[in-house]
Each structure stands twice: as C-alpha cells, then as structure tokens.
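Thank you for coming; I would like to walk through one model with you this morning, going from the overall fold to a few local details. Please have the sequence and the structure open while I speak.

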Amino acid sequence: MIPFRSQPPTPRLREGYALLQQHDPDPAGLNQLLVACGDGPRSPERWQRVLERSTWHLVVLNPGGRLVGFVRATSDQALNANLWDLMADPADPCRDEVITALVQAALARLRRELSGCSISLSAPPEAVTALTRAGFVVDPGGIRAMGLNLRSRGEG
C-alpha cells in the first residue's frame, strides 16, 4: 500500500466561511448546489438515505449561511473509502478555495479514521488541481473509472 504523502494543513477559508463536520444539510440546499453544479436534483428521501448510509460528510457555508460546498464519504471500514458528491457552487467567488478545503479536510479525516483504506472518488474537472496537489494520480497506469446510471430513462 502506498502511504499518503505528507499533506499540508487544511487551508483556511476566507472570513465568514465555515467548514463543518457536524452539520446536517437541508435537501433543498443540497439540490440547489447540485443544480448549480450541472447535476439533477434528488428527492428528499434519497438525500436522507444517502446521508444515513454515508460514513460522514463535510459542508462549507458562506458568510450568509448558504451551502456552497459538500463532500461525503462511504467505506467498508476495512479496505475501501469513497468520496462522493464533491461539489462547490460555481457562482461562489471562493469556489477553488472551497474545493481545496473540502479535499484537504476529507483526506485528513480519512487518514485519521480509515488509514488502511484505498480511496476512490468521482470529481468534477475543476477539482483536479486540488486533488493532484493532495497526492492523487489521475488515471494511474491508464486506469479509467466507469459508472452506471441505474435510473430508467423515465425517472427524474
């Protein structure tokens, strides 16, 4: 297993922004963020299931208290950890800082709590720089990830 390379401390967000670990986001706020990032909304029931089945999640609130960043983790608690829904509001002036803070905080938490796990994630293109700085290798050895959309064409 390749250990994490030494990581810098989680960057500080601008004045008024808050990265929170013990905050249950509202499904409507999560959907606003998803839609702003170009994805479709999820039902409140689905968000509830997703959050219940996640090991943990992190949120970033802007100075007005609005959700502008999110990431969640799942794990089998033995070999694998996965980061999902890494997103930051494209309209927020601190978007790059929010993504960097989420990546660094998520990796720090994984190192503390699940140090033996390999980590996979699905991330938007704007997160590649932050992920590379954190030690991720994009497509190592030409490996490409694939996903399967389980919704039928008629579902929303």
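Let me begin with terms: helices are DSSP runs of H or I with at least four residues, strands are runs of E with at least two, and both are numbered from the N terminus. Read along the sequence, the protein chain then gives the pattern β-α-α-β-β-β-α-β-α, with 4 helices and 5 strands. This is a predicted model, in which local features need pLDDT of at least 70 and side-chain atom pairs count only at pLDDT 80 or more, while totals for chains, interfaces and linings use all residues. Residues are numbered from 1 along each chain as its sequence is written, and side-chain values use heavy atoms, with hydrogens and water left out.

Of the 156 residues in the protein chain, 38% are buried, which is to say under 20% relative accessible area, with over 50% called exposed and the range in between partly exposed, for a 1.4 Å probe and protein chains only. If we take contacts, meaning heavy atoms within 4.5 Å, between residues at least 6 apart in sequence, 63% join residues at least 24 apart.

Turning to helix 1, residues 27–36, its buried residues are G29, L30, N31, L33 and L34, and these pack against helix 2, strand 3 and strand 4. After helix 1 comes G38, which has a positive phi, near 90°.

What about aromatic pairs? Rings of Phe, Tyr and Trp (for Trp, the six-membered ring) pair if their centres lie within 6.5 Å, and planes under 30 degrees apart count as stacked, over 60 as edge-to-face and the rest as tilted. By this rule there is 1 aromatic pair. The ring centres of W47 and F70 are 6.0 Å apart and their planes stand at 90°, so the pair is edge-to-face. Because W47 lies in helix 2 (residues 44–53) and F70 in strand 3 (residues 67–75), the pair ties together parts that are 23 residues apart in sequence. Both W47 and F70 are buried.

Finally, which residues line the largest cavity? The lining is made up of V71, L83, L86, L102, V103, A106, L107, L121, L131 and F136, where a lining residue has an atom within 4 Å of a cavity point, and a cavity is a set of points on a 1 Å grid over the protein atoms alone where a 1.4 Å probe fits but cannot get out. Two or more of these residues come from each of strand 4 (80–88) and helix 3 (95–113), and helix 3 gives the most, with 4 residues.

Note on methods
On a 1 Å grid over the protein atoms alone, a cavity is a set of points where a 1.4 Å probe fits but cannot get out, and a pocket is an open set with protein on both sides within 12 Å along at least five of seven lines; lining residues have an atom within 4 Å of a point.
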